Amino acid sequence: HFYGAITMTDSLESHFGYIQNMKASGEGHKLQERYQFFLDKNFIDDNVLFAKALFLLFEKPDKENLEKSLDFLLKMKEASSKPLWHLAQGYIRLRLLMESVEGLNFSQDLYNEAHRSLTLALDLAQDEDRIKASALTNLGLLHLKSHDYGLSAKYFEERMKLGFIDQKSESELRYLYSKTLFQLSQYAEAQKVLESFPIEQLKHSNLNLIRPYLDKVALNALYSGDFQKAKNLYSELLKLEPDSTNSTKFLLNLGYAEMKLNHEPESKNYFLKLINRIDENKDEFKKLSKIINTKISFSADRLKLISLGFLAQLSSSTDEKLKYLNLKRALLNDLKKNLTASYITSTSWQEHQLKSNLQILDIISLQSSRVDIQPYLNELFETMSQLSEDKSQHLSYSLYQSLTGLSFLIKKRNLQVTQTEKLQLKEMIQNILNSYQLVDLKEELLLQRGLKLKIDAESLLI
């Protein structure tokens, strides 16, 4: 009987549990009918408003329902001392914030309100561990999304101490906690968080659970320098999803792990497999690029660019190096027409373009045969000029490398450039030096770069 399950005088926690259980047991369609009794009798108190808010959240947590649900919660008159009321508000505002995040931009008001609601829920929960656990998880997520990784790690660490009701919730929390530590460059600590969970148990779970978890373990191993472990894990991931779009990322990281293990033939093989897979499935990747939004950092073209660069690095002959570098250069020129569609930033494109052209000129400068270098010089000068005109890029390492690298090829390798090009290079270096003089050159690295640029600028006068 309905009254044996819930009454209007029960706590918010009871109503939450009742509605959640009804939904889980497939009887959610009966909820509206049962609560309608109270609506008909004009019992419009806090519990009914809370139930209405929950109906919307459980039905479909889209932006419209989230905002309506929050409106119901704010109409409640005697709930300010209830931790679940604050928790529900914090959760909704976190979801709304996640809907609005664009890169580093997000609503400061939503952030402040979500943080306030969740910390109040945490403070009021006292011995209610389930509410505390939920508040800590949401606080960790809030600060992860707002890129405050230190605070996010603190909340996830506290959440870990409260235990878990099942394997799925524990693996998801460990995944998020390790992601935060990873962003703090605490790779060894992130690895410990992941490894202390019995991964073997996950192998009997569904693929949606095991793949992201193993992927994070493998990535942490790669960044912490345990290349053998990374190789083993990515090999396992490749077996799990041999033909998926994720397999391209696994192939890239396998190639990199093999390269760091000095297994050059195996490394080249993985990079070539990746390129072939991308070329053979162009339509699939184009289709994927239309359905994922720009917040997702997946790009087949970017993976292909990186692979071509590594193949050039691994090649033993100059002809083979030039082959891969020219393929990379051709891909870059093709991507320039529409960078957005490939999810590659203009800064990333410029870095790849500078490096490729400089590497090609470096190889040509060592050859006795005459090669037309003007197309490479033109591209190099065009991009360096664009960066040198942008003051925000003046301390860019890519620009510094290009300016000093080209100066070296002109001075030491006798790379043939015109007097006009020499003067243009000197002017760009001088322009950059002005910015170096405006920063604190007590920093050793910047001091060394500034001195090197000054020497290069003076030598180009000779």
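**Exercise 1. Classify Phe227: buried or exposed?**

Solution. Work in this predicted model.
- Step 1: take the cut-off, under 20% relative accessible area for buried.
- Step 2: read the value for Phe227, which is 17%.
- Step 3: Phe227 therefore counts as buried.

**Exercise 2. Describe the ring pair of Phe227 and Tyr256, and state which helices the pair ties together**.

Solution. 
- Step 1: note what describes such a pair, namely the distance of the ring centres and the angle of the planes.
- Step 2: the centres of the Phe227 and Tyr256 rings lie 6.2 Å apart.
- Step 3: their planes stand at 75°. Planes over 60 degrees apart count as edge-to-face, so Phe227 and Tyr256 form an edge-to-face pair.
- Step 4: Phe227 belongs to helix α14 (residues 227-240), Tyr256 to helix α15 (residues 246-260). The pair therefore ties together parts that are 29 residues apart in sequence.
- Step 5: check the cover on Tyr256. Its relative accessible area is 25%, so Tyr256 is partly exposed.
- Step 6: Ring pairs join Phe227 and Tyr256 with Phe271 and Phe310 in a cluster.

**Exercise 3. How many aromatic pairs are there, and how are the rings of Phe182 and Tyr223 arranged?**

Solution. 
- Step 1: the count is eight aromatic pairs.
- Step 2: for Phe182 and Tyr223, the ring centres are 4.8 Å apart and the planes are at 75°, so this pair is edge-to-face.
- Step 3: Phe182 sits in helix α10 (residues 167-183) and Tyr223 in helix α13 (residues 207-223). The pair therefore ties together parts 41 residues apart in sequence.
- Step 4: compare the cover. Phe182 is buried at 13% relative accessible area, whereas Tyr223 is partly exposed at 46%.

**Exercise 4. Find the residue that lies over the face of Tyr155**.

Solution. 
- Step 1: the residue is Lys154.
- Step 2: its distance from the ring centre of Tyr155 is 5.4 Å. The cut-off for a charge over a ring is within 6 Å.

**Exercise 5. Work out the surroundings of Gln89**.

Solution. 
- Step 1: locate Gln89 in helix α6 (residues 83-100).
- Step 2: its relative accessibility is 4%, so Gln89 is buried.
- Step 3: find the polar partner. The side chains of Gln89 and Arg93 make a polar contact at 2.8 Å.
- Step 4: leave out residues up to four places away in sequence. Gln89 then touches Leu70, Leu73, Leu74 and Ser117.

**Exercise 6. Describe the largest nonpolar core and the place of Leu406 in it**.

Solution. 
- Step 1: this core has 69 residues. Helix α18 (residues 300-314) gives the most to this core, with nine residues.
- Step 2: Leu406 is among the residues with the most contacts inside the core, a group that includes Leu361, Leu377, Met384 and Leu425.
- Step 3: list contacts of Leu406, not counting residues up to four places away in sequence. Among them are Leu358, Leu380, Phe381 and Leu415.
- Step 4: look elsewhere. Another core, of 43 residues, lies apart from the largest one and includes Leu56, Met76, Leu84 and Leu96.

**Exercise 7. Summarise the whole protein**.

Solution. 
- Step 1: secondary structure comes to 24 helices and zero strands.
- Step 2: of the 462 residues, 47% count as buried.
- Step 3: among contacts with a separation of 6 or more, 59% join residues 24 or more positions apart.
- Step 4: the accessible surface is about 24400 Å², and carbon and sulfur atoms hold 50% of this area.

Notes:
Residues numbered from 1 in each chain as written. Predicted model: local features only at pLDDT ≥ 70, side-chain atom pairs only at ≥ 80, totals over all residues. Heavy atoms only, no water. Helix = DSSP H or I, 4+ residues; strand = E, 2+ residues; numbered from the N terminus. Buried < 20%, exposed > 50% of the residue type's maximum accessible area, 1.4 Å probe, protein only. Polar contact = N/O pair within 3.5 Å; in protein donor to acceptor, adjacent residues only side chain to side chain. Contact = heavy atoms within 4.5 Å. Core = buried A, V, L, I, M, F, W, Y, C linked by side-chain atoms within 4.5 Å. Phe/Tyr/Trp six-rings, centres within 6.5 Å; stacked < 30°, edge-to-face > 60°. Lys NZ or Arg CZ within 6 Å of the ring centre and 35° of its normal. Areas by Shrake-Rupley, 256 points an atom, 1.4 Å probe, with all protein chains shown as cover.
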